[in-house]
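Please open the model in your viewer and keep the sequence panel beside it, so that each selection can be followed in both places. The tour moves from one selection to the next and says what is found at each stop.

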Amino acid sequence: QVQLVESGGGLVQPGGSLRLSCAASGSIFSIYAMGWYRQAPGKQRELVARISNNGTTTYADSVKGRFTISRDNAKNTVYLQMNSLKPEDTGVYYCNVVLWRIGSSGKYDYWGQGTQVTVSS
């Protein structure tokens with residue numbers, strides 16, 4: 001099995017910064033992509049940022065220039081540095097990892113438990 005452990009959410013004032021972390025562990029052969037999604041109240045879950053195994057990054061237009069995604073392959077960990085936060089960034093942030101498992105074929109999709117980010121004065 002594979003486990004994802006998220007950390008770093010919280011309450012921050014507009015213009016502030018937060019850093020989210022997500023560490024994957026377990027029967028991991030190789031990780032294909034890691035990313036962050038968020039879900040605001042009453043809205044659908046949306047992609048925030050994603051990074052592939054070759055380092056290619058994808059960002060939602062709303063966070064470009066403010067958020068930076070990175071990964072530490074040795075630790076199977078993905079980070080999301082969030083700067084210049086706005087109230088509309090409020091939501092539950094979910095880590096997503098697509099990977100190959102030891103002893104299994106095909107890619108598997110895993111989700112973290114979610115961490116709350118609240119941007120408010």
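This is a predicted model: local features need pLDDT of at least 70, side-chain atom pairs count only at pLDDT 80 or more; totals for chains, interfaces and linings use all residues.

**A hairpin**

If you pick out Thr-68, you can look across to Gln-81, its bridge partner in strand 8. Then move to the turn, where 4 residues lie between the two strands and Asn-76 takes a positive phi near 50°.

**Aromatic pairs**

How many aromatic pairs does a search of the whole structure find? There are 2. For one of them, select Tyr-32 and Trp-100, whose ring centres are 5.8 Å apart and whose planes stand at 85°, so the pair is edge-to-face. This pair links distant parts of the chain, with Tyr-32 in strand 4 (residues 28-39) and Trp-100 in strand 9 (residues 91-101), 68 residues apart. Tyr-32 is partly exposed at a relative accessible area of 30%, and Trp-100 also counts as partly exposed, at 27%.

Next select Tyr-37 and Trp-111, an edge-to-face pair with 5.0 Å from centre to centre and 65° between the planes. Because Tyr-37 lies in strand 4 and Trp-111 in strand 10 (residues 107-111), the pair ties together parts that are 74 residues apart in sequence.

**Arginines over rings**

Now show Arg-19 together with Tyr-79, where the arginine lies over the face of the ring at 4.1 Å from its centre. Then show Arg-101 with Tyr-108, and you will find the charged end of Arg-101 over the ring, 4.1 Å from the ring centre.

**A buried glutamate**

Finish at Glu-6, which belongs to strand 1 (residues 2-7). Glu-6 is buried yet has no salt bridge, and the nearest side chain of opposite charge, that of Arg-45, is 8.0 Å away. What does the side chain of Glu-6 reach instead? Display the backbone nitrogens here: that of Gly-114 is reached at 2.9 Å, and that of Cys-95 lies 2.7 Å from a polar atom of the Glu-6 side chain.

Methods: Residues are numbered from 1 along each chain as its sequence is written. Side-chain values use heavy atoms; hydrogens and water are left out. Two strands pair if DSSP finds at least two bridges between them. Rings of Phe, Tyr and Trp (its six-membered ring) pair if their centres lie within 6.5 Å; planes under 30 degrees apart count as stacked, over 60 as edge-to-face and the rest as tilted. Buried means under 20% relative accessible area, exposed over 50%, partly exposed in between (1.4 Å probe, protein chains only). A charge sits over a ring if NZ of Lys or CZ of Arg is within 6 Å of the ring centre and within 35 degrees of the ring normal. Lys and Arg count as positive and Asp and Glu as negative; His and the chain ends are not counted. A salt bridge is a side-chain nitrogen of Lys or Arg within 4 Å of a carboxyl oxygen of Asp or Glu. A polar contact is a pair of N or O atoms within 3.5 Å; within protein, one must be able to donate a hydrogen and the other to accept it, and residues adjacent in sequence count only if both atoms are side-chain atoms.
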